[in-house]
There are 2 protein chains.
Amino acid sequence: MLVGSTDLPPGMTMRQAARKAVVANVSDLAAKGARPYVGLVALGLPATLTRRDVLEIAGGLSAGAKEYRFPIVGGDTNESKDLVISIALFGLIDERKMILRSGAKVGDLVAVTGEFGSSSTGLRAVLDRKVRPEKLPRELAEALYRPAAELDVGLRLASAGAITASIDSSDGLAWSLHELSMMSNVGIKVEAVPISKAAWRFAARHGYDATNLALYGGEEYHLIVTVKPTLLRIAQKAARGRLKAIGVVTKRSEGIRLATKGGDIKIRMKGWEHFRH
Amino acid sequence: MLVGSTDLPPGMTMRQAARKAVVANVSDLAAKGARPYVGLVALGLPATLTRRDVLEIAGGLSAGAKEYRFPIVGGDTNESKDLVISIALFGLIDERKMILRSGAKVGDLVAVTGEFGSSSTGLRAVLDRKVRPEKLPRELAEALYRPAAELDVGLRLASAGAITASIDSSDGLAWSLHELSMMSNVGIKVEAVPISKAAWRFAARHGYDATNLALYGGEEYHLIVTVKPTLLRIAQKAARGRLKAIGVVTKRSEGIRLATKGGDIKIRMKGWEHFRH
């Protein structure tokens, strides 16, 4: 469910918002290795929307559905005070290949399908009015306004059978690592936070802490997976190079930690909601 | 999608609202003859709600799901300005037995599984402040605050194979007849509007037009079906007596009409939204 008053960054068009609502749903299926099958869309539309706004929403939904190859087969429309785009997306998967959040084992590697911080750095910058949305560096703007779900990578990883657990990073890298660790009853040690170059550069220039933004930002749709060390190559091949090890699975008692020059520090369980306020 | 600012009659509790959101979904499946399989619920919750409100919503959703025998397997929660309860309900049906809106044929009988007007008369009365919600006659209050979906009747009608087309009456009797006629490319002549006694009595006492309320009210969850005259008995038996013929299917060119002492009159395509303003 995407809600206008809380989920729309400054500068996001109605078309982008609707497409992003699709992406968020697809990303959950991608993490399981499931292929989108049919979607239902319920809209709550404020009376203040124009005809053009509504057409933009329809266009964004259609574009997202086309991009991830599923039909929107039904839904509902209503008047509401807040803009609401509520999507239910059903996917199909061979039950034996479904990747859960609960399968990580001590000794597995933790790997990610992308770098973090572009979306959250972009969001922070436009919320702080450091830069107008249209002046954001291209990579940050893409991450914030046109994120992509890692569907093909998720499908290939599930098919290859090389992954022990998986989650998408929509609630933020830190939050998702905690979620994974709780569901699998393990700890995680991250050797280095995978920060996107664009986020790093922009953060350095504007005095932001890129590591914090990458860890606690959220609204990015990468996959975080665990994989047996002996199968890392196979998984990386399945992911066509889009898989980078960032840490290891440890015992639950060791918690969620990040290695730094000064020794390990705790990664807290906070996500983008906390970050925004 | 149930929206607080537009879909909540005065006097409706959060628990009733959540249960009604379930009923509205189940009713759509009932019209097809499909059995609920799994539900997803996305909530938009205003910051002003109390803990008790949220527990009531959860209780109403659970009660509805239990009543119609399906599990709620997932969903989402968000903050929003308006209360939003968005349900996606998936059902299963033997494809050969699915009843569509498009199967009505000239000469079929039109039949309904209940009487109309209780919900709309109750709503009209509390909106007009003719009576406080807690003082509504029991039958009107039940229809308004605790409507039921005709799931068992719908399932039995589909199993019996005696029905040619079906729609639920949630948008109002008149609106749904028009919808059915458009989808089947036929006309419909209603011999008499099936008005509930309680609505009739209350309307007479308070100067309302019961026929109008029953035709154009809405938010009632009966089924409107078409059936070959030779199969009416079988259909009635399948519906365990809850099926009453109210008219016949005619040629499209004859439109949607109601027989009255003064001759036929047109039934307009307007529904409860129109009615409320």
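A residue is called buried if 20 or more other C-beta atoms, placed from the backbone, lie within 10 Å of its own, exposed if 12 or fewer do, and partly exposed in between. The model shown in these views is predicted, and local features need pLDDT of at least 70, side-chain atom pairs count only at pLDDT 80 or more, while totals for chains, interfaces and linings use all residues. Residues are numbered from 1 along each chain as its sequence is written, and chains are lettered from A and ligands numbered from 1 in the order in which they are written.

**View 1. Chain A as a whole.** Of the 277 residues of chain A, 53% count as buried. The secondary structure of this chain comes to 11 helices and 11 strands, where helices (H or I, at least four residues) and strands (E, at least two) are DSSP runs numbered from the N terminus. Taken along the principal axes, the C-alpha atoms of chain A fill a box of roughly 55 × 45 × 30 Å. A compact globule with 277 residues would have a radius of gyration near 19 Å, and chain A agrees because its own value is 19 Å; this radius is taken over C-alpha atoms, and the globule rule is 2.2 Å times the number of residues to the power 0.38.

**View 2. The contact between chain A and chain B.** The contact takes 17 residues from chain A and 17 residues from chain B, two residues being in contact if their C-beta atoms, placed from the backbone, lie within 7 Å. On the side of chain A that touches chain B, the elements that give two or more residues are α1 (4-7), β2 (35-45), β3 (72-79) and β4 (84-92) of chain A, and β4(A) gives the most, with four residues. A rotation of 180 degrees with 0.0 Å of shift along its axis superposes chain A on chain B, with an RMSD of 0.0 Å, which is the relation of a two-fold axis. The superposition is by least squares on the C-alpha atoms of residues with pLDDT of at least 70 in both copies.

**View 3. Helices α2 and α3 of chain A.** Helix α2 (residues 14-32) and helix α3 (residues 51-67) of chain A pack at an angle of about 35 degrees, with their axes 7 Å apart. Here the axes are lines fitted to C-alpha atoms, for helices over the stretch in contact, and angles run from 0 to 180 degrees between N-to-C directions. Among the residues that meet are A:Ala18 and A:Val22 in α2(A), and A:Ile57 and A:Leu61 in α3(A).

**View 4. Two loop residues of chain B with positive phi.** Most residues other than glycine have a negative phi. B:Arg69 is not a glycine, yet has a positive phi of about 60 degrees; B:Arg69 is found in the loop between α3 (51-67) and β3 (72-79) of chain B, and is exposed, with 11 other C-beta atoms within 10 Å. B:Asn185, also a residue other than glycine, has a positive phi near 55 degrees, and its place is in the loop between α7 (173-184) and β7 (187-190) of chain B.

**View 5. The surroundings of A:Gly255.** A:Gly255 is found in the loop between β9 (244-250) and β10 (256-258) of chain A, and counts as partly exposed because 15 C-beta neighbours lie inside 10 Å. Leaving aside its neighbours within four places in sequence, A:Gly255 is in contact with A:Gly187 and A:Lys266.
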